[in-house]
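Good morning. I have one structure to go through, and I will start with a single residue before turning to the whole chain. Please look at the screen.

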Amino acid sequence: MQPNVSMPLAIAFLGDSLTQGWGQLPHEAFPARLQAMLNQAGETVRVSNFGISGDTTADALSRLPLVLASKPDIVVVALGINDAYQGIAVEVATANLVEICTHVVDTHANLILVGAFAPLNHGNMQREAYRTMYSQLAEQFNAVLMPDILESVAGNPDLTHPDGVHPNALGYERIALRFFPLVSDVASKRRKPT
């Protein structure tokens, strides 16, 4: 059966302050920028930003039903950095993400996982354990993985707020540009008849 290409694909972003767009206007956050890029490229999408500043994986898990109630075709899960900052064991974060990912794939939505790592000068946050967690989850759930949302952004004063972590408008533009081909590919595959 041929999909209806005129119907917008629903993309839901479940994340923390990096998804919400902390310190920026809503249209400057990378999910909104990504929607604009996709629409400009001719891909009809509707993006919902469920990012909340400070959220851990447990916080996000508790509000997952709201996200899934929006009936997304694609779910982008960008969580874990706050767990690491708070010293939450990687095993706990992994268990929460396994539950989130399980519920997402059970709805037959496409899953995109996003890792996030703060600059090394923010202390030892079990970086390697968390890095391994993201890659193993991507393999377990057959998800597309963006290993580090802050790559080439964190620590760059031209692209972040003074904390060196949260992107400014230019930083979010950089993230959206890196994210665009990945999401565009998932969206085009989603459009193909099964």
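Find Arg191, which lies in helix H8, residues 169-191. A note on terms: helices (H or I, at least four residues) and strands (E, at least two) are DSSP runs, numbered from the N terminus. Before going on, the ground rules: this is a predicted model, where local features need pLDDT of at least 70, side-chain atom pairs count only at pLDDT 80 or more, and totals for chains, interfaces and linings use all residues. Residues are numbered from 1 along each chain as its sequence is written, and side-chain values use heavy atoms, with hydrogens and water left out.

Is Arg191 buried or exposed? Arg191 counts as buried, because its relative accessibility is 11%. Buried means under 20% relative accessible area, exposed means over 50%, and partly exposed is in between, with a 1.4 Å probe and protein chains only. A polar atom of the Arg191 side chain lies 2.9 Å from the backbone oxygen of Thr44. With Thr94, Arg191 has a C-alpha to C-alpha distance of 31 Å, and the two are 97 residues apart in sequence.

Next, two loop residues. Lys71 sits in the loop between helix H4 (64-68) and strand E3 (74-78). Lys71 is not a glycine, yet its phi is positive, about 55°. Its relative accessibility is 67%, so Lys71 counts as exposed.

Ser152 is in the loop between strand E5 (144-146) and H8. Ser152 also has a positive phi, about 70°, although it is not a glycine. With a relative accessible area of 41%, Ser152 is partly exposed.

Now the whole chain. How many helices and strands are there in the protein chain? There are eight helices and five strands. Starting at the N terminus, their order is β-α-α-β-α-α-β-α-α-β-α-β-α. The radius of gyration is 16 Å, close to the 16 Å that the globule rule gives for 194 residues, so the chain is as compact as a globular protein of that length. That radius is taken over C-alpha atoms, and the rule is 2.2 Å times the number of residues to the power 0.38. The C-alpha atoms fill a box of roughly 50 × 35 × 25 Å along the principal axes.

Of the 194 residues, 50% are buried. Finally, contacts (heavy atoms within 4.5 Å): among those with a separation of 6 or more, 77% join residues 24 or more positions apart.

Terms used
Polar contact = N/O pair within 3.5 Å; in protein donor to acceptor, adjacent residues only side chain to side chain.
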